[in-house]
Amino acid sequence: MAEDKQARKYPQNLQGVLQLAVDAGSGAEGPAALEPMSEERKLWLKNALSEICKMDEVEQIKQCLAVLHQEGMSEREIKEEDERDEEEEDVRNKAFDVLSELCENLDNARDLMTLGGLELCISHYLCHAKSGLRWRAAQLIASCAQNMSQVQEHLFSLGALPKLLQLTDSDPHPTVRVKSLYAVSCLIREQEEGLKAFLAHDGISVLMRCLQSDIERQRTKSAFLLLNLLRSNPEQKGTAASMGMVQQLVSVLRTPHLPFHEHVLAALCCLVEDCPQGLKDCKDPALGLKELLRQRSKELKGKEESQEELDFCDLLTDICFSGSDDNAMDR
């Protein structure tokens with residue numbers, strides 16, 4: 001009977017299911033003993049899931065936003081107990097997870113924007129004290145922004161880019177930094193105004209620092225983003241080279257070998273093509289790139305999974321250190 005009374009306290013909608021999931025997972029420590037479900041609870045769960053299935057996706061978005069808006073009201077009230085705060089955080093985490101999945105659909109991303117969900121993310125959750133809510137807000141922004149200029153422009157108008165760059169650069173939690181960098185990449189992809197804003201906010205310097213991060217996923221994503229920026233915006237090669245990008249990339253190659261070094265070598269290949277400053281920097285004897293490439297080629301030779309990286313080593317060596325090029329540069 002106690003279980004039946006508990007089932008009645010949950011509304012038969014998305015919020016009810018989210019709360020039930022949290023309560024079910026936050027009881028006693030360790031795996032819960034399996035108990036038969038009462039008929040009343042089975043009926044409640046069946047009806048609740050049926051309601052969600054019938055609910056159109058816009059209504060699901062509204063339900064999730066209602067959950068996320070609740071915290072703003074609770075903060076104006078007396079401070080609640082830590083246990084209840086944790087339960088509410090779990091509910092909000094689940095609401096963000098549902099929204100991120102829904103907003104992989106571009107129509108849903110547009111609806112979330114119209115309903116004020118992106119503004120809520122930026123104004124309240126990117127700066128939230130809980131890291132789980134910060135990174136989920138960044139992930140939701142990324143889901144909405146990818147390949148959708150209307151949402152990208154809206155996010156720019158809300159000041160999303162500088163906040164995401166700041167989180168990428170200095171947030172104490174690794175997942176927040178990685179998700180924020182991913183959101184930045186989605187925000188400026190195929191977006192001319194976004195690239196201008198990225199450069200205006202010293203985005204290249206942020207990428208350079210990310211390449212030196214102790215978070216491997218952040219190094220990988222920053223190298224990949226840099227490579228794509230150089231390939232799609234070759235006019236920015238000179239700017240990147242003038243900021244010491246060649247020296248930074250070579251210093252990354254000197255660290256213990258990791259798969260993302262392929263992107264680093266590809267970026268160096270970009271910087272020596274039609275970019276005199278990049279070529280000059282790579283050929284500088286003080287940098288020691290020629291010997292580094294020779295050693296790396298030796299390490300990679302015969303490894304089928306490293307063939308592309310080996311090809312980039314060979315290409316960079318040919319461009320920078322063939323006899324004719326050396327003579328041309330000396331002259």
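Relative accessible area is classed as buried under 20%, exposed over 50% and partly exposed in between (1.4 Å probe, protein chains only). By this scale R294 is partly exposed at 47%, and E291 is partly exposed at 36%. The model is predicted, with pLDDT of at least 70 needed for local features and 80 or more for side-chain atom pairs, while totals for chains, interfaces and linings use all residues. Residues are numbered from 1 along each chain as its sequence is written, and side-chain values use heavy atoms, without hydrogens and water.

The protein chain has a mean pLDDT (the predictor's confidence in each residue, from 0 to 100) of 85, and 77% of its residues reach 70 or more. The pLDDT is below 50 over residues 72-81, a stretch with 5 contacts (heavy atoms within 4.5 Å) beyond near neighbours in sequence.

The structure holds 10 salt bridges, defined by a side-chain nitrogen of Lys or Arg within 4 Å of a carboxyl oxygen of Asp or Glu. One of them joins R294 and E291, with the closest N and O atoms 2.5 Å apart. These residues lie 3 apart in helix α19 (residues 289-300), about one helical turn; helices are DSSP runs (H or I, at least four residues) numbered from the N terminus. Another salt bridge pairs D107 with R110 at 3.1 Å, N to O.

Positive phi values occur at D202, near 60°, and at D274, near 55°. Most residues other than glycine have a negative phi.

How values were computed. Helix = DSSP H or I, 4+ residues; strand = E, 2+ residues; numbered from the N terminus.
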